[in-house]
Amino acid sequence: MTTFPRPRTGPNLADRAGRLAASAAPRRFDWPMLIAVAALSAIGCLLVWSATYDPADPDRALGYVQRQAAHLAVGTAVLLAVAAVDFRVSRAYAPFVYLAAVLGLALVLTPVGETINGSRSWLVLGGLQMQPGEVAKLGLVLAAAMLLGEPRDGEFAPTVRDVLFSLAVLAVPLGLILAQPDLGTAMVLTGTYLGMLMLSGAPVWWMAGLVGGGVLAAFSVWWFGLLEDYQLQRFTTFINPGADPRGAGYNANQSMIAVGSGGLNGTGLLQGEHTRGRFVPEQHTDFIFTVAGEELGFVGGIVIIGLLAFVLWRILRTAGRTEEPYARLVCVGAAAWLGFQSLINIGMTLGVAPITGIPLPFVSYGGTAAVANLAMLGLVLNVHARERGVH
């Protein structure tokens with residue numbers, strides 16, 4: 001009796017579900033990166049506690065730490081949810097994330113928005129506060145990766161049309177953020193996009209043209225006096241921190257004094273004179289690195305920078321190992337976002353970058369930022385799992 005081989009069939013839904021579950025299995029997570037992020041978050045909670053501690057009201061600092069722990073718990077839940085969904089499925093939702101961010105940025109400019117520290121960048125809905133600008137960073141990475149990371153048949157790099165569409169995707173949230181105005185978030189968005197464009201395979205002349213156009217635009221803004229007075233003062237004090245030490249240059253000078261006073265090993269938690277005296281504003285958010293510099297010293301600052309660098313290296317390592325252009329650009333966007341924001345935040349406390357209102361990733365106090373950062377890492381974890389052989 002002649003027998004014939006049983007025809008091979010494609011994987012059924014159960015097989016696909018099993019592979020999807022395997023891609024999110026804890027053993028396939030990038031545990032070194034997650035441990036580094038957990039360490040940064042733990043250090044951040046300690047610094048938030050120290051920055052907000054008041055001997056006359058100890059519960060105040062405890063409240064900040066509890067809220068930060070709640071932010072991290074929500075962010076971790078989002079990270080696990082995102083990591084459990086195939087990044088190729090999440091790509092389908094990229095336009096919705098982008099549109100939600102744009103809608104939030106538009107609402108900020110309505111009576112629903114709230115002005116804090118000179119920037120109308122917050123949405124206040126009852127007892128809930130959020131910054132759509134943080135969601136815009138995530139939306140930009142997903143949308144730009146979708147446009148620049150999916151060359152058409154026969155193409156190996158983004159076409160002119162792809163780059164132009166991606167520029168439009170950048171221009172909409174960038175314009176809304178500049179209208180707030182929030183120069184810090186605008187700088188992060190621009191730096192993130194340029195990093196993605198540079199590694200997308202687009203011709204070098206695109207980068208040269210955009211950088212040249214950016215310089216021309218910055219000059220035009222200054223020439224026609226489009227900057228607000230406080231923004232102009234920030235750039236003036238960046239160029240010459242001693243120009244107005246009691247006025248516009250106060251924050252820059254006090255932050256450098258706080259960092260420098262820590263020496264090699266720091267004064268110890270709750271022992272920093274500048275931190276205890278509240279000489280530096282917003283120390284639990286934008287200027288949290290000054291607490292690290294003063295109370296943990298040079299050693300503590302280097303540990304934080306080293307952990308951040310390690311996280312970036314793990315993300316870029318995942319990007320280099322994946323063969324899918326979309327996934328690679330998602331990882332590149334995550335690294336550019338976190339790296340550029342960390343550089344600006346730490347740089348402004350050391351006097352090598354202008355003062356901007358952006359938090360230090362995984363360390364500063366904040367809800368929307370923590371959730372957005374961890375959601376981005378969830379996508380990187382998903383790419384990492386599939387890079388290790390789950391297809």
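In the predicted model described here, Thr318 touches Asp30, Cys331, Val380, Val383 and His384, not counting residues up to four places away in sequence; contact denotes heavy atoms within 4.5 Å. Thr318 lies in helix H13 and is buried, with a relative accessible area of 1%. Helices (H or I, at least four residues) and strands (E, at least two) are DSSP runs, numbered from the N terminus. Buried means under 20% relative accessible area, exposed over 50%, and partly exposed in between (1.4 Å probe, protein chains only). Residues are numbered from 1 along each chain as its sequence is written, and side-chain values use heavy atoms, with hydrogens and water left out. As this is a predicted model, local features need pLDDT of at least 70 and side-chain atom pairs count only at pLDDT 80 or more, whereas totals for chains, interfaces and linings use all residues.

The chain as a whole contains 15 helices and three strands. Of its 391 residues, 46% count as buried. Among contacts between residues at least 6 apart in sequence, 73% join residues at least 24 apart. The chain exposes about 18600 Å², of which carbon and sulfur atoms supply 67%; these accessible areas come from the Shrake-Rupley method with a 1.4 Å probe, and for residues only the protein chains shown count as cover.

Thr322 is found in the loop between helix H13 (288-321) and H14. With a relative accessibility of 11%, Thr322 counts as buried. Apart from neighbours within four places in sequence, Thr322 is in contact with Ala327, Arg328, Val383 and Glu387. Thr322 and Glu387 are separated by 65 residues in sequence, yet their C-alpha atoms are 5.4 Å apart in space. Val383, listed among the contacts of Thr322, is also touched by Thr318.

Helix H15 (residues 367-387) has 21 residues. The distance from its first C-alpha to its last is 30 Å, close to the 30 Å expected at 1.5 Å a residue; the expected span is 1.5 Å times one less than the number of residues. H15 is mostly covered, as 18 of its 21 residues are buried.

Helix H11 has twelve residues and reaches 16 Å between its first and last C-alpha atoms, close to the expected 16 Å. The buried residues of H11 are Ala252, Asn253, Gln254, Ser255, Ala258 and Val259, and they pack against helix H12 (273-276), H13 and H14. An α-helix has 3.6 residues a turn, so residues three or four places apart point the same way. H11 is followed by Gly263, whose phi is positive, near 65°.

The packing of H11 was examined against two helices. Helix H11 (residues 250-261) and helix H14 (residues 325-350) pack at an angle of about 90°, with their axes 7 Å apart. H11 is therefore roughly perpendicular to H14. Axes are lines fitted to C-alpha atoms, for helices over the stretch in contact, and angles run from 0 to 180 degrees between N-to-C directions. Angles under 35 degrees count as roughly parallel, over 145 as roughly antiparallel, 65 to 115 as roughly perpendicular and the rest as oblique. At this contact, Ser255, Met256 and Val259 in H11 meet Met348, Thr349 and Leu350 in H14. By class, the contact comprises four nonpolar, two polar and no charged residues. Ala, Val, Leu, Ile, Met, Phe, Trp, Tyr, Cys and Pro count as nonpolar, Asp, Glu, Lys and Arg as charged, and the others, Gly among them, as polar.

H11 and H13 pack at an angle of about 30°, with their axes 6 Å apart, and are therefore roughly parallel to each other. Here Ser255, Ala258, Val259 and Ser261 in H11 meet Phe289, Thr290, Gly293 and Glu294 in H13. This contact has three nonpolar, four polar and one charged residues.

Two loop residues other than glycine have positive phi values. Phi of Glu282 is near 50°; Glu282 is found in the loop between H12 and H13 and is partly exposed, with a relative accessible area of 32%. Phi of Phe362 is near 70°. Phe362 lies in the loop between H14 and H15 and counts as buried, at 8% relative accessibility.

Ser166 lies in helix H7 (residues 160-178) and is buried, with a relative accessible area of 0%. Leaving aside neighbours within four places in sequence, Ser166 is in contact with Leu147, Leu148 and Tyr193. Tyr193 is one of the buried residues of H8.
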